[in-house]
Amino acid sequence: MALGVCCQWLEERKKRDGTSVYENIIDEKNLQLGAFKAGKYDEARLRFTYRNNVKQHIQFFPKLLENNIKSFRLSSALFPLFEYNEAMIKNDSELKSDLATLGKLFLDNGIRITTHPGQFVIINSDTDRIIQNSIRELSYHAWIFDTMNLPLTPFHAINIHGGKRGKLEKLIEVTNSLPDNIRKRLTFENDERCYNVKQLIQVHEKTGVPVVFDSHHYTFNSNDLVLSDAFAQSIKTWGNTKPLQHISNTEVGMESGSFSERRAHSAYIRYVPELQLEAARLDTIDIDVEAKMKNFALLKMRQEHGIKV
């Protein structure tokens, strides 16, 4: 089965005072928009940043093999300021070669790779500019997957939320207009406020886009759909492709906190709904572990919940 690590790989480092800190060993470099617009980055700095970020993933890859992890979520920040440097990135033969190498590592080792563009991707906005920016962001992720030679299937998901509440028909319309390299990889995840599983099933029926069931989000926005039905109906949307789901928990002590405190991801996973746990044990679904302790949380969940690999 596959429990998925999201975007980072943490390792423990002891400080001089004996305390521990956990650091991401995938050393992605970032770029600031203000500094870029002020001309503080020359072309060499930009190329170094983009090439470094891909090479860092190639270097970290053996960690997945050593721990028998079969799913990984690629960071959306792989190429910061992509929209300002698109031509440079797309014409960089070394960069594209490294992306192809990275894709081959995942494909040859049977590891699922996904991505989760941010909250500003709203393809059913009332504002056309926001829709176009959202499609451009999705195109960026699709280009990365294309260059990695990943097939056009939601197994390698570009996963987003439904977007603006109450705009279901607009969501369907825009989804059906997307180019194949986005649409055939696209998945929709239920969220806490705007689109629950029942609504996304309606979207699936008119677009074919699968539903990523998030059991934590479900607890905030069930729309009177019992968990067993939400789970089963979301599974059906995947057809012959292995379903992808998400798991996270409220942090211990925050159960009676504010909405924001209850929805925030905990450090570790202590509770998994029985249906989700059984499916994980039977290897009929893959689950992204959305916990702050990343790989530590995944390995602890695997051990404590009897999920064999």
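Let me start with a space. The second largest pocket holds about 480 Å³. Its lining has 18 residues, and the ones closest to its centre are Glu 83, Phe 120, Asn 133, Glu 137 and Tyr 140. What is that lining made of? The second largest pocket has 10 nonpolar, four polar and four charged residues around it.

A word of caution before I go on. This is a predicted model.

Now the largest pocket. Its volume is about 820 Å³. The lining here counts 28 residues. Which of them lie nearest the centre? His 116, Gly 118, Gln 119, His 161 and Arg 263 do. Three elements each supply at least two lining residues to the largest pocket: β4 (71-74), β6 (158-161) and α12 (259-263). By type, this lining splits into 11 nonpolar, nine polar and eight charged residues.

How do we find such spaces? Rolling a probe the size of a water molecule over the atoms shows where empty space is left.

Next, the packing. The largest nonpolar core has 80 residues. Which members touch the most others? Phe 79, Ile 144 and Met 148. Helix α6, residues 128-147, gives this core its largest share, eight residues.

Look at Met 148 on your screens. Set aside its neighbours within four places in sequence. Met 148 is then in contact with Leu 74, Leu 99, Ala 100, Leu 102, Gly 103, Lys 104, Phe 106, Leu 107 and Ile 113.

Now move to Asp 98. You will find Asp 98 in helix α5, residues 93-108. Buried or exposed? Asp 98 is buried, because its relative accessible area is 12%, and the cut-off for buried is under 20%. Again leave out the neighbours within four places in sequence. Asp 98 is in contact with Val 54, Lys 55 and Ile 58.

Last, two backbone details. Asn 223 is not a glycine, yet its phi is positive, about 55°. Where is Asn 223? In the loop between α10 (215-218) and α11 (227-236). Its relative accessible area is 33%, so Asn 223 counts as partly exposed.

Asp 283 is the other one. Its phi is positive too, about 65°, and Asp 283 is not a glycine. Asp 283 lies in the loop between α13 (274-282) and β10 (286-289). With a relative accessible area of 35%, Asp 283 is partly exposed.

That's my tour. Questions, please.

How values were computed
Residues numbered from 1 in each chain as written. Predicted model: local features only at pLDDT ≥ 70, side-chain atom pairs only at ≥ 80, totals over all residues. Heavy atoms only, no water. Helix = DSSP H or I, 4+ residues; strand = E, 2+ residues; numbered from the N terminus. Buried < 20%, exposed > 50% of the residue type's maximum accessible area, 1.4 Å probe, protein only. Contact = heavy atoms within 4.5 Å. Core = buried A, V, L, I, M, F, W, Y, C linked by side-chain atoms within 4.5 Å. 1 Å grid on protein atoms, 1.4 Å probe; cavity = no way out; pocket = protein on both sides within 12 Å on 5 of 7 lines; lining within 4 Å. Points joined across faces, edges and corners; volume = space filled by probe spheres on them. Nonpolar A, V, L, I, M, F, W, Y, C, P; charged D, E, K, R; others polar.
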